[in-house]
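Here's a quick tour of charged side-chain pairs. Have the viewer ready and follow along.

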Amino acid sequence: MNSKVIANGILRALAILVGIALVLYFLNEIQAVIVYIAVAAVISLVGRPIILFLRRRLKFNNTLAVIVTMVLFIALFIGLIGLFIPLIAEQGQNLALLDIEQLQENVQNLYNQVVNYFEFNNIDVEQSIKDSGLLSKLDFAYIPEFLNNLVSGLGSFSIGLFSVLFISFFFLKDSQLFENGILTFVTKENESRTKRSIASIKDLLSRYFVGLIFQILILFVIYTIVLLIFGIKNAVVIAFLCALLNLVPYIGPLISGFLMLLLSMSSNLGESFSEVILPKTTYVMIGFIIAQLVDNFFSQPVIFSKSVKSHPLEIFLVIVIAGILFGIVGMIVAVPTYTAIKVILKEFLSDYKVVKSLTKGL
């Protein structure tokens, strides 16, 4: 091997590395667009069963079915906004007029009542908390500032919303758009397999995302009923946030449980801890646990077995591994990605025993 061949090899390797670096840089710069496309793809998968129903059962043409589906999504979104805006506006007004010193005093009183109730007065932990002055260092003035930042971000949200709706419309109208883009990179002999894989992935993921919506809806209804029964303020907002957090596997329910505990206690600031706050919070958390049991033993098994056709233990391991490798985002996209990989493996590597074992339910 002469020096010219070695030099050409080195230059080729450097060119490949530079090309990869440029592609990664480009993807990083347009990550907002990638997010828009990903959200639009999810919306198109959720809307796919509606379009098929309108076309097959009601004999709508494709364009009319897409328009009706988009109108339904927009109406649902406007309905959610109409439900939450008055509550958020009310809380924003309350926070804007908030007496910060009074709020800090109420939190301090609640802390004192908790300590007295559980007789923690002689425990070193309590003394260390007092010595650190942790409660006095809490600056609740950041709450109005947070709201101001939230309002300033509405402009970017509006642009993102329009982009997602625009992309979703064409994903729904031209359902073969994404498929044709992939087929341009596939050889002739693999076209039929690729088409079957894409069709199977679309079907499975559509059922999966629709199942997730029903999962959130079930939790939302249970949370709302529990919070309304025990007179927790802003029950609908709290229930929606806690149900939405359930999209993050395993970690989401823990965060939503802590959030519900905190908001349930804070909604009764100034009341007696032993007579009002503790009983209400206890009953609310019992309702939360019941909702989680319903979700873990009914909703999730149905979704995983009927939609992605995977064993719950298999899904658990995939989510844990994805979480270790890619964090929260990995946990969220683990199930759809794993499902797509399984379909591709079954179509292209079905002769292998391991692949047969993993994909026997598909």
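## What counts, and how many

A salt bridge here is a side-chain nitrogen of Lys or Arg within 4 Å of a carboxyl oxygen of Asp or Glu. By that rule, the structure holds three of them.

Before you dig in: this is a predicted model, where local features need pLDDT of at least 70, side-chain atom pairs count only at pLDDT 80 or more, and totals for chains, interfaces and linings use all residues. Residues are numbered from 1 along each chain as its sequence is written, and side-chain values use heavy atoms, with hydrogens and water left out.

## Across the chain: Arg-196 and Glu-347

Arg-196 pairs with Glu-347, and their closest N and O atoms sit 2.7 Å apart. This one ties together distant parts of the chain: Arg-196 belongs to helix H10 (residues 191-229) and Glu-347 to helix H14 (residues 312-348), 151 residues apart. Helices are DSSP runs of H or I with at least four residues, numbered from the N terminus.

Arg-196 has a relative accessible area of 44%, so it's partly exposed. For that scale, buried means under 20% relative accessible area, exposed over 50%, and partly exposed in between (1.4 Å probe, protein chains only).

## Within H10: Asp-203 and Arg-207

Asp-203 and Arg-207 form a salt bridge too, at 3.2 Å from N to O. About one helical turn separates them, because they're four residues apart in helix H10. Asp-203 is partly exposed at 33% relative accessibility, and Arg-207 is partly exposed at 34%.

## A buried pair: Glu-314 and Lys-342

Glu-314 bridges to Lys-342, with 3.4 Å between the closest N and O atoms. Both Glu-314 and Lys-342 are buried.

Key: Helices (H or I, at least four residues) and strands (E, at least two) are DSSP runs, numbered from the N terminus.
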